[in-house]
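Dear colleague,

Here is the structure I said I would pass on. My notes on it follow below.

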Amino acid sequence: QLQLVESGGGLVQPGGSLRLSCAASGFTLDYYAIGWFRQAPGKEREGVSCVSSSSGSTYYADSVKGRFTISRDNAKNTVYLQMNNLKPEDTAVYYCARKSRFCGGYYYRSDNYDYWGQGTQVTVSS
């Protein structure tokens, strides 16, 4: 069964941290790039980050650079997104998605990804 499952979302105060997980089944995560996207109500889907398969190259949106870190654990077939110093504008549903091997210069375009998880809610509020 081909599946991506996000977890780790929740309610945190501004300045807090969350670690999101994207667990893959039915395919070998090592062969793919994995991106994180987010979508808030009334807003378009935004590319947040991406990690390539072989090179391990990482990419970040300007809005999260320096606060978020993407990583992969191929042994666990899982990609993580460590989110620090969270801000209210980070509130959104976060999705992980599969892309062919490399993130590339257009990693932020959702149409480059062929399979998506169901999402996990992140709410940043005091």
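**Leucine 29 and its contacts**

Not counting residues up to four places away in sequence, leucine 29 touches Ala24, Ile34, Arg72, Asn77, Thr78 and Val79, where contact means heavy atoms within 4.5 Å. The model is predicted, so local features need pLDDT of at least 70 and side-chain atom pairs count only at pLDDT 80 or more, while totals for chains, interfaces and linings use all residues. Residues are numbered from 1 along each chain as its sequence is written, and side-chain values use heavy atoms, with hydrogens and water left out.

Leucine 29 sits in the loop between β3 (18–25) and β4 (32–39). Strands are DSSP runs of E with at least two residues, helices are runs of H or I with at least four, and both are numbered from the N terminus. The relative accessible area of leucine 29 is 0%, so this residue is buried; buried means under 20%, exposed over 50%, and partly exposed in between (1.4 Å probe, protein chains only). From leucine 29 to glutamate 6 there are 23 residues in sequence and 14 Å in space, C-alpha to C-alpha.

**The chain as a whole**

The secondary structure comes to 0 helices and 11 strands. Read from the N terminus, the order of elements is β-β-β-β-β-β-β-β-β-β-β. The radius of gyration is 13 Å, close to the 14 Å that the globule rule gives for 126 residues, so the chain is as compact as a globular protein of that length. That radius is taken over C-alpha atoms, and the rule is 2.2 Å times the number of residues to the power 0.38. Along the principal axes, the C-alpha atoms fill a box of roughly 40 × 25 × 25 Å.

Of the 126 residues in the chain, 42% are buried. Among contacts with a separation of 6 or more, 60% are between residues 24 or more positions apart. The accessible surface is about 6400 Å², and carbon and sulfur atoms account for 44% of this area. These areas come from the Shrake-Rupley method with a 1.4 Å probe; for residues, only the protein chains shown count as cover.

**Charges and salt bridges**

There are 13 positive and 10 negative side chains, and the centres of the two sets lie 3 Å apart. Lys and Arg count as positive and Asp and Glu as negative, with His and the chain ends not counted. Each charge is placed at NZ of Lys, CZ of Arg, CG of Asp or CD of Glu.

The structure holds 5 salt bridges, a salt bridge being a side-chain nitrogen of Lys or Arg within 4 Å of a carboxyl oxygen of Asp or Glu.

- Glutamate 46 pairs with arginine 38, with 2.8 Å between the closest N and O atoms. Glutamate 46 is partly exposed at a relative accessible area of 28%, whereas arginine 38 is buried at 6%.
- Aspartate 90 pairs with arginine 67 at 2.7 Å, N to O. This pair links distant parts of the chain, 23 residues apart: aspartate 90 is in the loop between β8 (78–83) and β9 (92–100), and arginine 67 is in the loop between β6 (58–60) and β7 (68–73). Both aspartate 90 and arginine 67 are buried.
- Aspartate 114 pairs with arginine 98, the closest N and O atoms being 2.9 Å apart. Here too distant parts of the chain are linked, 16 residues apart, with aspartate 114 in the loop between β9 and β10 (115–116) and arginine 98 in strand β9. Arginine 98 is buried, with a relative accessible area of 10%.

A network of salt bridges links Arg38, Glu46, Arg67 and Asp90.

Most residues other than glycine have a negative phi. Asparagine 77, one of the contacts of leucine 29, has a positive phi of about 55°. Asparagine 77 is in the loop between β7 and β8 and counts as buried at 16% relative accessibility. Asparagine 85 also has a positive phi, of about 50°. Asparagine 85 is in the loop between β8 and β9 and is partly exposed, with a relative accessible area of 43%.

**Threonine 69**

Threonine 69 lies in strand β7 and is partly exposed at 41% relative accessibility. Leaving aside neighbours within four places in sequence, threonine 69 is in contact with Tyr60, Tyr80, Leu81 and Gln82. Threonine 69 and proline 41 are 28 residues apart in sequence and 24 Å apart in space, C-alpha to C-alpha.

Regards
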